[in-house]
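Subject: Handing over the structure

Hi,

Here is the structure I promised to pass on. Please open it next to this email, and then read on for what turned up.

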Amino acid sequence: MQCPCGLELTFAQCCQPLITATKLANSPEQLMRSRYSAYATNNAEYIYLTYASSSRLEQSIADIEQWAIQTKWLKLVVHSASEFQTSSDNNDSAQVMFSAFYQHLGKIWQMQENSNFIIEDSVWPVSYTHLRAHETEAD
């Protein structure tokens, strides 16, 4: 099976090792692609665990799972991705801008997002927060 993230690799060669925790992501883009693949394969626990701890307070595995079951993920387009940089408050972060196309409740949608990936507990990149998200019905 080709990886849902859109790279020319099989799921087993690409995102599955990250989702099953046999490998850590090498970059913020790889983490974001694995999160997309986790949505596409209905792995709510991985999605939940890759939210920043502060964002987890607003999420639940059950809610993520319900959303993933109701949604068919169609395509991922990565527009840009930065590497980690240390900010003035000593936090390491990186951004990934992408569009995800999906079908939800019979309509095709496009989500455009600029996401911030941060380092927590000296592990990177495992945490994730939204900077900006915008959803529109796709043409």
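Let's start with a question: are Tyr39 and Trp73 buried or exposed? Both are buried, where buried means under 20% relative accessible area, exposed means over 50%, and partly exposed is in between (1.4 Å probe, protein chains only).

A word on the ground rules. This is a predicted model, so local features need pLDDT of at least 70 and side-chain atom pairs count only at pLDDT 80 or more, while totals for chains, interfaces and linings use all residues. Residues are numbered from 1 along each chain as its sequence is written, and side-chain values use heavy atoms, with hydrogens and water left out.

**Aromatic rings**

The structure holds four aromatic pairs. To count as a pair, rings of Phe, Tyr and Trp (its six-membered ring) need centres within 6.5 Å; planes under 30 degrees apart are stacked, over 60 edge-to-face, and the rest tilted. One of the pairs is Tyr36 with Trp73, which is edge-to-face, at 5.6 Å centre to centre and 75° between the planes. This pair links distant parts of the chain, with Tyr36 in helix 2 and Trp73 in strand 1, 37 residues apart. (Helices, H or I with at least four residues, and strands, E with at least two, are DSSP runs numbered from the N terminus.) Tyr36 is buried at 5% relative accessible area, and Trp73 is buried at 12%.

Trp73 also pairs with Tyr39, and that pair is tilted: 5.2 Å centre to centre, 40° between the planes. Tyr39 lies in helix 2 and Trp73 in strand 1, so this pair ties together parts that are 34 residues apart in sequence. Now look for the whole group: Tyr36, Tyr39, Trp67, Trp73 and Tyr102 form one aromatic cluster.

**The core**

Tyr39 comes up again here. The largest nonpolar core has 27 residues, and those with the most contacts inside it are Cys15, Tyr39, Leu76, Phe98 and Ala100. Such a core is a set of buried Ala, Val, Leu, Ile, Met, Phe, Trp, Tyr and Cys residues joined through side-chain atoms within 4.5 Å. Helix 2 gives the most to this core, with five residues.

Leaving out residues up to four places away in sequence, Ser34 touches Cys15, Leu18, Ile19 and Tyr46 (a contact means heavy atoms within 4.5 Å).

A search of the whole structure finds one salt bridge, meaning a side-chain nitrogen of Lys or Arg within 4 Å of a carboxyl oxygen of Asp or Glu. The partners are Arg33 and Glu29, with their closest N and O atoms 3.0 Å apart. Arg33 and Glu29 are separated by about one helical turn, because they sit four residues apart in helix 2 (residues 28–40). Arg33 counts as buried at 11% relative accessibility, whereas Glu29 is partly exposed at 26%.

**Two loop residues**

Most residues other than glycine have a negative phi. Ala21 has a positive phi near 65°. Ala21 is in the loop between helix 1 and helix 2 and is exposed, at 66% relative accessible area. Leu105 has a positive phi of about 50°; Leu105 is found in the loop between strand 3 and strand 4 and counts as exposed at 67%.
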